[in-house]
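Hi,

Here is the structure I promised to pass on. Have a look at it first, and then read on for what turned up in it.

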Amino acid sequence: MSRSRIHIDVQSMAVADAIKALEHKTRVRTRDLPEVVEAPAPLKGKALKAAKAAAAAKAGTTGGSGEIRIIGGQWRRTRLSVAQRPGLRPTPDRVRETLFNWLGQDLTGWRCMDAFAGTGVLGFEAASRGAKDVIMVELDAGLVAQLRTLQQRLGASAVKVQRGDGLSLLQQVTADSLDLVLIDPPFTENALFLPALRAARSAVSDNGWIYLEAPAEWDDAALAPLGLSRQRYLKAGAVHAHLLRKAPPAALAEAAVDAA
């Protein structure tokens, strides 16, 4: 074999070895690269709404923590952590501020009942403004424990937390014994509103007040047969807030005539 042929073969072997080395290095680098995962296309329209609804439902069923803020009285600006529950709907700040403006802010010496307490924010607002007695009634055992924890944290000696059915306990209250009844049941419990209003009318004094928070407006035509008159009304989003009093005897007689 000639020298030139040997030289060419050596060069060919060197080139082949260099190619193999390069291929090996490329395979190693490719193996070490992270796997590329294609991002899903963004949700739109009905798919987006469904995903949001599912997330909200999951958050509601698994609980979590929220916060309420007392807006007036001795505990003004105090923030309290509260558990979240499906259907639990603390009265918005704007509505509470309006309510206690209607009531005159100073509730010194008042006897109150928060019949469907939930987070207790309405009852704590009343106690913060000087109410003498605030009975908070709640059926959910976890919320009752939370209310007692908040009561202790605030040192709210006027507040008494009682576990039970708000409607049943309201129906057992001595007639004309309360200055303020707070009625704010879950909006899905439509059957509670009418009997709760009847019981509240019996429980409050002639100069007492009933606060009703509902998913729809109660006008004078609906309230007159119950012996109640609407003094103030506010709609804020899905909340319809009503401040009620006992109707005077003349109005009761007129309502009875109309009903007949």
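Please keep in mind that this is a predicted model. Let me begin with the aromatic rings: the structure holds 0 aromatic pairs. Rings do meet charges, though. The charged end of R245 sits over the ring of W209, 3.9 Å from its centre, and R230 lies over the face of Y233, at 4.5 Å from the ring centre.

Now the overall picture. The chain has 260 residues, of which 38% are buried, and it contains 9 helices and 9 strands. Among contacts with a separation of 6 or more, 63% are between residues 24 or more positions apart.

Seven strands make up an open sheet with mixed pairing, in the order 5-4-3-6-7-9-8. Strand 5 (159-163) and strand 8 each have a single partner strand, so they stand at the edges with one side left without a neighbour in the sheet. On average, neighbouring strands here are turned by 15 degrees against each other, direction ignored.

As a reminder, strands of a sheet pair through backbone hydrogen bonds, and they can do so in a parallel or an antiparallel way. Both kinds can be seen here. Strand 4 (residues 133-138) pairs with strand 5 in the parallel sense over 5 bridges, and R163 in strand 5 is the bridge partner of E138. Strand 8 and strand 9 run antiparallel and are joined by 8 bridges. These two strands form a hairpin with 2 residues between them, and G237 in the turn has a positive phi of about 65 degrees. A236 has V239, in strand 9, as its bridge partner.

Helix 4 and G123

Which strands does helix 4 touch as it packs on the sheet? The strands are strand 3 (111-114), strand 4, strand 5, strand 6 and strand 7, and the direction of helix 4 makes about 170 degrees with that of strand 4. G123 lies in this helix, which covers residues 121-128. With a relative accessibility of 0%, G123 counts as buried because the cut-off for buried is under 20%. Leaving aside residues up to four places away in sequence, G123 touches D114, V134, M136 and L182. G123 and V159 are 36 residues apart in sequence, yet their C-alpha atoms are 7.8 Å apart in space.

Helix 7

Helix 7 (residues 193-203) has F193, A196, L197, A199, A200 and A203 as its buried residues. These cover an arc of only 165 degrees around the axis, so they are on the same side of helix 7.

S205

Not counting residues up to four places away in sequence, S205 touches D176, L178, D179 and K246.

Conventions: Residues are numbered from 1 along each chain as its sequence is written. This is a predicted model: local features need pLDDT of at least 70, side-chain atom pairs count only at pLDDT 80 or more; totals for chains, interfaces and linings use all residues. Side-chain values use heavy atoms; hydrogens and water are left out. Rings of Phe, Tyr and Trp (its six-membered ring) pair if their centres lie within 6.5 Å; planes under 30 degrees apart count as stacked, over 60 as edge-to-face and the rest as tilted. A charge sits over a ring if NZ of Lys or CZ of Arg is within 6 Å of the ring centre and within 35 degrees of the ring normal. Buried means under 20% relative accessible area, exposed over 50%, partly exposed in between (1.4 Å probe, protein chains only). Helices (H or I, at least four residues) and strands (E, at least two) are DSSP runs, numbered from the N terminus. The arc is that of the directions from the helix axis to the C-beta atoms. Contact means heavy atoms within 4.5 Å. Two strands pair if DSSP finds at least two bridges between them. Axes are lines fitted to C-alpha atoms, for helices over the stretch in contact, and angles run from 0 to 180 degrees between N-to-C directions.
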